[in-house]
Amino acid sequence: MDTKWVYPGWHGGMVGMTAEITGTVKLIETDNPSKVLAVVELNKFDKYVNNKEFVMEYGRIAAAYEAIGKYIAKDIKRAVK
């Protein structure tokens, strides 16, 4: 992942805002890393994934990266059916 911009979001007791990430994800072939299979552009990606550290900045940022992985995996599974 080539991260260009990160907004850590915020948490205010009962209300919070998820982190946002802008960047590029490149999926490459394991045996030949110079072969790019897909490129995914993210623009302020902010899907919510709850984790126990969501109240802290690093928890919200980690949750955003986790969400990126889950959503890309979901799209790949859908595409190979």
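Modeller: One definition to start: buried means under 20% relative accessible area, exposed means over 50%, and partly exposed is in between. Also, this is a predicted model.

Colleague: Okay. Is tryptophan 5 buried, exposed or partly exposed?
Modeller: Tryptophan 5 has a relative accessible area of 34%, so it counts as partly exposed.

Colleague: How many aromatic pairs are there?
Modeller: The count comes to 2. In one of them, tryptophan 5 and tyrosine 7 are stacked. Their centres are 6.3 Å apart, with 10° between the planes. Tyrosine 7 is partly exposed too, at 29%.

Colleague: And which residues form the edge-to-face pair?
Modeller: Phenylalanine 45 and tyrosine 71. That pair is 5.9 Å centre to centre, and the planes make 70°.

Colleague: Where do those two sit in the chain?
Modeller: Phenylalanine 45 is in strand β5 and tyrosine 71 is in helix α1, residues 57-80. They are 26 residues apart, so the pair links distant parts of the chain.

Colleague: Which of them is buried?
Modeller: Phenylalanine 45, because its relative accessible area is 13%. Tyrosine 71 is partly exposed at 33%.

Colleague: Last one. Which residues form the nonpolar surface patch?
Modeller: Met1, Val6 and Tyr65, with about 240 Å² of accessible area together. Methionine 1 is in the segment before β1.

Methods. Residues are numbered from 1 along each chain as its sequence is written. This is a predicted model: local features need pLDDT of at least 70, side-chain atom pairs count only at pLDDT 80 or more; totals for chains, interfaces and linings use all residues. Side-chain values use heavy atoms; hydrogens and water are left out. Patches are made of residues with over 30% relative accessible area and no salt bridge: like charges are joined within 9 Å, nonpolar side chains (Val, Leu, Ile, Met, Phe, Trp, Tyr) within 5 Å. Accessible areas come from the Shrake-Rupley method with a 1.4 Å probe; for residues, only the protein chains shown count as cover. A salt bridge is a side-chain nitrogen of Lys or Arg within 4 Å of a carboxyl oxygen of Asp or Glu. Helices (H or I, at least four residues) and strands (E, at least two) are DSSP runs, numbered from the N terminus. Rings of Phe, Tyr and Trp (its six-membered ring) pair if their centres lie within 6.5 Å; planes under 30 degrees apart count as stacked, over 60 as edge-to-face and the rest as tilted. Buried means under 20% relative accessible area, exposed over 50%, partly exposed in between (1.4 Å probe, protein chains only).
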